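This report concerns the fold of one protein, with attention to one of its helices. Please examine the sequence and the structure below before reading on.

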Amino acid sequence: MTRPAAHGGSASWQHTTRPAHPFLGWPVVLEPAKWNADVAILGITHSEPYAHDEQPNEQTRAPDAVRACSERFCYGGGTQFDWDLDTELAAVLPPCCIDCGNAVREDEPYDDYSARVTAYLEVLWRRGTLVLVLGGDHGVTIPALDALAVLDTRVHIVHIDAHLDWREEVEGVRRGYSSPLRWASTKPYVAGMTQIGLRGVGSARAAEAAAARAYGSRIFTASQVHAAGIEPVLAAVPANLPLYITVDADGLDPAVMPGVMAPAPGGLRFDQIAALLRALASRQRVVGMDLVEIAPRFDAHNAVTCITAGCLLVTLLGAQFQRPQPRA
Ligand SMILES: [Mn+2]
C-alpha cells in the first residue's frame with residue numbers, strides 16, 4: 001500500500017480501533033494495508049467540534065451502538081430470508097465484506113485526524129470498495145467528501161436531512177455538522193446534489209437556502225415528499241452518475257428515529273426512505289453511504305433508531321448487489 005501523503009515521513013500507518021461488535025458479524029480488519037474488500041464499514045466518531053457543544057458529543061457513541069443491534073436488524077448476519085430481495089441478503093452480497101473498525105480521534109489536532117480519516121477512505125475507494133460510514137455527527141461527512149477525489153469519476157450527492165447543512169462557518173469552524181453540503185458544493189468532482197426531507201424552522205437561514213439554490217441543489221421538502229412521493233426525487237437524481245448518499249438520522253421522522261439531538265416532526269417515513277434507497281441502488285452505482293447524527297442516549301426505547309439505521313444500510317446493500325448488471 002502506498003502511504004498517504006498526509007502521513008509522510010516514516011511514521012507507521014495508524015490502525016483503527018476494534019469495534020465492540022462487528023457489523024453483521026463481518027470479519028474485523030483494523031490494518032488499512034489489508035483493506036481489500038467489496039464492501040467495508042468504517043465508524044468515524046469525531047468531527048471538527050463547535051466550542052459550544054459537549055465534547056466528545058453523544059454521537060461519537062453511535063457506531064458501536066448501531067453495530068450492537070446487528071442481530072436485531074439482520075438476524076443471522078443475513079442468512080435468513082429477506083422478503084424485499086426474495087432471497088437471503090447473504091446470497092446477494094459479494095464475497096468480501098469487512099468491518100474496518102472505528103477511526104477515533106486520539107490526542108491529535110483535528111487537521112491530523114481529518115487527514116487520517118480521509119486517507120482511510122482513499123484506501124478503500126482506490127480499490128473500488130463500497131463504503132458504509134457510521135457517524136458521528138454530520139461533520140464526519142466532510143473528510144469523506146475530501147476522499148471522493150480519488151475516484152475516477154464525478155459523483156452526485158443524495159442528502160437526507162431535516163436541515164440544509166449549508167453553513168459557511170459557525171464560530172469560525174468550517175467543517176462542523178452544519179456545513180457538509182456547503183463543503184460538498186466546493187468540490188469539482190461533486191457534480192450536483194439532491195437534498196430531501198427539509199422542514200422546520202432552524203433548518204437553514206435565508207442566505208443558505210439562497211446559496212444552495214444558486215448552486216443548483218435540487219431540494220425536496222418533507223412536505224413535498226409526503227404529497228408527491230419519491231418519484232419526483234428519483235427523476236431529479238441523475239441516473240448516469242455514481243452516488244454518495246448521506247443520511248442524517250433526523251431526516252427521518254422522530255417516530256422512527258427518535259434518538260437524535262434535533263428531532264423535527266413531519267419527517268420522512270422508513271418506507272419512503274427505504275424505497276428511495278432501493279430504487280437508487282438498483283438503478284446506479286453507489287460508492288458510499290454514511291448514516292450520521294444518532295444519539296444513543298436518546299434511543300432508550302428499544303434501540304429503534306439504531307435498528308432503523310441498520311435496516312437502511314442493509315436495504316442499500318441488498319439493492320446494490322442484487323442489480324443484474326455489474327457495478328463497474
Ligand atoms: Mn445534518
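The buried residues of helix 10 are covered by several elements of this predicted model. The table lists elements that take part in this cover.

| Element | Residues |
|---|---|
| Strand 6 | 155–160 |
| Helix 8 | 222–228 |
| Helix 9 | 231–236 |
| Strand 9 | 243–248 |
| Strand 10 | 286–292 |
| Helix 11 | 304–322 |

Helix 10 itself runs over residues 270–283 and holds 14 residues. From its first C-alpha to its last it reaches 20 Å, close to the 20 Å expected at 1.5 Å a residue. Which residues of helix 10 are buried? They are Q272, I273, L276, L277, L280 and A281. Viewed down the axis of helix 10, the buried residues fall within an arc of 145°, so they line one face of the helix. An α-helix has 3.6 residues a turn, so residues three or four places apart point the same way.

The protein as a whole contains eleven helices and ten strands. Its radius of gyration is 18 Å, close to the 20 Å that the globule rule gives for 328 residues, so the protein is as compact as a globular protein of that length. The C-alpha trace spans about 50 × 50 × 40 Å along its principal axes. Of the 328 residues, 50% are buried. Among contacts with a separation of 6 or more, 79% join residues 24 or more positions apart.

Confidence in the model is expressed by an average pLDDT of 94, and 95% of the residues score at least 70. Over residues 1–11, however, the pLDDT is below 50. Beyond near neighbours in sequence, this stretch has eleven contacts in the model.

Conventions. Residues numbered from 1 in each chain as written. Predicted model: local features only at pLDDT ≥ 70, side-chain atom pairs only at ≥ 80, totals over all residues. Helix = DSSP H or I, 4+ residues; strand = E, 2+ residues; numbered from the N terminus. Rg over C-alpha atoms; globule rule 2.2 N^0.38 Å. Buried ≥ 20, exposed ≤ 12 C-beta atoms within 10 Å, placed from the backbone. Contact = placed C-beta atoms within 7 Å. Expected span 1.5 Å × (residues − 1). Arc of directions from axis to C-beta. pLDDT = per-residue confidence, 0-100.
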